[in-house]
Amino acid sequence: MFDRILIANRGEIACRIIRTARKMGVGTVAVFSTADAGARHVRLADESVFIGASEPKESYLAIDKIVAAALRTGAQAIHPGYGFLSENARFRRACDDAGLVFIGPPLGALEKMGSKSQAKKLMAAAQVPLTPGYHGDDQDAARLQTEADAIGYPVLIKASSGGGGKGMRRVDRRLDFAEALASCKREAAASFSDDHVLIEKYIERPRHVEIQIFADGFGECVSLFERDCSTQRRHQKIIEEAPAPGMSDELRRRMGEAAVAAARAVAYVGAGTVEFILAPNGEFFFMEMNTRLQVEHPVTEFITGIDLVEWQLRVAAGEKLPLRQEQIMIGGHALEARIYAEDPAREFLPSTGILRHLRTPEQSEFVRVDAGADQGDSISPYYDPMIAKLIVHDENREKALLRMRRALAEFEIVGVATNVEFLSRLFACPAFVKAELDTGLIERERAFLFPEEQAPPDEVFFIAALAVLVSEADLERANPPAGNDLRSPWNARDGWRLNLADPRILVFEQGGQRVEVAIAYRGKHFDLSLAGGGISVAKARREADGRLELDLDGVVQRVTAIATGACWRIFCAGRSWAVTHVDPLETRRAEAASHGGLTAPMPGRVIALLTEAGARVEKGAPLMILEAMKMEHRIAAPSEGAVRRFFFAVGDQVTEGAELLEFEPAEKA
Ligand code: MV4
């Protein structure tokens with residue numbers, strides 16, 4: 001086995017690979033770009049090497065820099081993860097030339113499966129079923145029309161160089177063919193500089209079912225069964241599961257054999273995935289082979305009990321497959337949901353920013369969270385905006401679904417838009433629950449999945465009001481008033497205020513509506529009321545983990561309320577709501593903080609702290625010095641006031657946009 005490997009990747013997959021390497025006693029070297037200074041994968045690795053600017057071509061795609069990093073640190077092998085260089089034949093060759101083991105398939109397999117047309121020819125020869133169609137070189141329009149007529153409508157015109165759904169046209173009638181062909185060729189020429197197309201029978205209501213295979217260097221190859229990845233948006237998977245619902249043993253055996261035949265046809269070694277389209281009548285057709293570990297590999301790990309990264313390292317180190325086909329069994333059902341920083345309401349537009357708050361569900365034998373970032377880290381515009389994967393396992397699909405809904409309800413993210421609630425609706429959608437899976441599910445279920453925005457229940461405003469009160473009390477406790485006489489009624493912590501109106505009114509804004517909460521303090525509890533709404537008897541206290549324990553009319557619950565300036569995000573009962581606290585004082589503070597520049601303007605390292613928490617400073621006083629790109633950058637006080645807390649110490653790396661300190665402006669008289 002290797003002493004040390006380099007991981008030529010970032011985010012959750014780099015973290016995932018480091019975890020198994022550590023379990024096996026293998027040392028790890030991370031590489032990172034400017035945007036990833038201090039990222040989670042860098043913190044987890046034994047060593048890390050800076051390889052360049054944030055743009056992937058300067059760092060995670062820079063073959064020479066990665067090979068040099070491996071040689072410098074004495075790594076013997078490179079794990080490419082997925083994406084980036086994982087299927088790059090030039091990278092594989094560079095590893096060979098440098099005497100480094102590439103943890104992945106041989107060059108020939110990468111090249112053969114990398115070319116769609118060559119792959120299809122090889123698969124046809126190996127008796128792997130292909131979609132009925134025309135895959136020939138003759139691109140004459142009349143010839144293609146004749147082929148389409150012979151296949152029978154509907155047909156699909158696909159750009160040979162296409163991918164991710166780009167350059168595809170469905171044609172339902174003979175007389176629409178010529179126009180669709182011309183339009184498809186135009187798009188293919190513009191997008192891929194290659195207008196070569198193929199024509200296939202259109203498979204209605206297809207499912208995406210893929211087979212995980214594993215081969216060693218001794219001619220053994222096994223199937224680790226299938227995953228259903230039909231639930232996609234914009235040709236990107238968001239939910240995967242194993243086994244595929246409704247699969248018969250017979251179909252599983254036939255698809256497994258076809259996948260193993262595909263792998264053997266290219267002398268495959270290592271972990272690979274053979275993707276098929278599965279038609280409702282049980283026919284299946286080869287689409288492509290992914291010559292790498294995939295994002296969704298954990299569902300296979302859960303149902304087989306196999307650590308696929310461990311097998312990758314063993315096979316790459318020249319060992320035999322640890323198990324034979326007869327020893328590999330399916331146990332239970334696993335589901336994976338990809339948690340993305342994106343806004344489902346805006347066509348899943350990626351969202352960037354700092355993860356101001358991140359709480360993930362508790363992990364167990366049933367629940368796994370593969371995260372690429374922690375609270376405080378950023379989701380940058382340079383890379384895929386996946387924050388984490390949530391994977392659950394149980395005896396059957398129904399129980400796994402319950403676990404998934406529960407775990408999603410526990411996910412809390414503030415700082416970027418996420419798809420968490422969208423996923424929750426998907427897992428509650430009757431069609432998904434009944435496993436009526438196919439690639440059109442999300443489109444068909446739009447009405448259920450994208451409901452009209454609703455006003456939050458009254459309870460949410462009560463929770464927000466209690467959150468404001470509790471955080472005011474937290475602040476006072478952290479900053480005891482001068483003349484620390486705890487017996488003085490002026491300093492009492494029990495809610496008694498000489499200068500407070502009773503009831504006090506807190507004003508919130510939500511969805512363009514103003515909502516007023518009246519709060520009367522009653523010694524041991526509060527009476528809360530909404531204008532024209534309900535009344536509630538409430539108690540609230542802060543838990544050690546930061547959550548609020550609330551008693552609303554005798555019902556005790558734990559909620560999370562996170563403030564970003566005046567905006568509160570309330571997580572309660574598996575949903576979350578944003579409400580804005582309209583407070584003149586808060587608004588002034590938020591303004592001071594926002595033009596204070598108290599976030600790192602660029603990634604760098606803290607080289608000095610120039611004041612102490614709590615010490616009064618003048619406007620413009622230097623608070624902290626960062627070093628970035630060999631230049632010093634000073635962080636100055638935005639106004640008279642005091643630093644409440646530094647979030648970093650001297651020597652710490654900070655990412656661009658990271659919040660550096662909490663500043664409390666002096667109250668204006
Ligand atoms: C198809 C098809 C129906 N019939 N081919 C989409 C991406 C590309 N890799 C293959 N794709 C499809 N090919 C035939 N002959 C339907 C799709 C398809 C699809 C396939 C897998 C997963 C999601 C999909 C979403 C829409 C269409």
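This is a predicted model: local features need pLDDT of at least 70, side-chain atom pairs count only at pLDDT 80 or more; totals for chains, interfaces and linings use all residues.
In K201, a polar backbone atom lies 2.8 Å from a nitrogen atom of the ligand. K158 also takes part, with a polar side-chain atom 3.2 Å from a ligand nitrogen.

How much of the ligand does the protein bury? Alone, the ligand exposes 520 Å². The protein buries 86% of that area.

Now turn to the aromatic rings. A pair of rings is described by the distance of the centres and the angle of the planes. A search of the whole structure finds 13 aromatic pairs. One of them joins F91 and F102. Their ring centres are 5.9 Å apart and their planes stand at 80°, so the pair is edge-to-face. Planes over 60 degrees apart count that way. F91 belongs to helix α4 (residues 89-97), and F102 to strand β5 (residues 101-102). The two residues are 11 apart, and their pair links distant parts of the chain.

Are F91 and F102 buried or exposed? The relative accessible area of F91 is 0%, so F91 is buried. F102 has 2% relative accessibility, so F102 counts as buried too. The cut-off for buried is under 20%.

F348 and F422 form another aromatic pair. F348 sits in the loop between β18 (342-343) and β19 (349-350), while F422 sits in helix α13 (residues 420-428). The pair therefore ties together parts that are 74 residues apart in sequence. F348 is buried, at 6% relative accessible area. F422 is buried as well, at 1%.

Aromatic residues also group together. Y60, F84, Y382 and Y383 form one aromatic cluster.

Finally, look for arginines over ring faces. R403 lies over the face of F366, 3.6 Å from the ring centre. R575 lies over the face of W577, at 4.3 Å from the ring centre.

Key:
Residues are numbered from 1 along each chain as its sequence is written. Side-chain values use heavy atoms; hydrogens and water are left out. Rings of Phe, Tyr and Trp (its six-membered ring) pair if their centres lie within 6.5 Å; planes under 30 degrees apart count as stacked, over 60 as edge-to-face and the rest as tilted. Helices (H or I, at least four residues) and strands (E, at least two) are DSSP runs, numbered from the N terminus. Buried means under 20% relative accessible area, exposed over 50%, partly exposed in between (1.4 Å probe, protein chains only). A charge sits over a ring if NZ of Lys or CZ of Arg is within 6 Å of the ring centre and within 35 degrees of the ring normal. A polar contact is a pair of N or O atoms within 3.5 Å; within protein, one must be able to donate a hydrogen and the other to accept it, and residues adjacent in sequence count only if both atoms are side-chain atoms. Accessible areas come from the Shrake-Rupley method with a 1.4 Å probe; for residues, only the protein chains shown count as cover.
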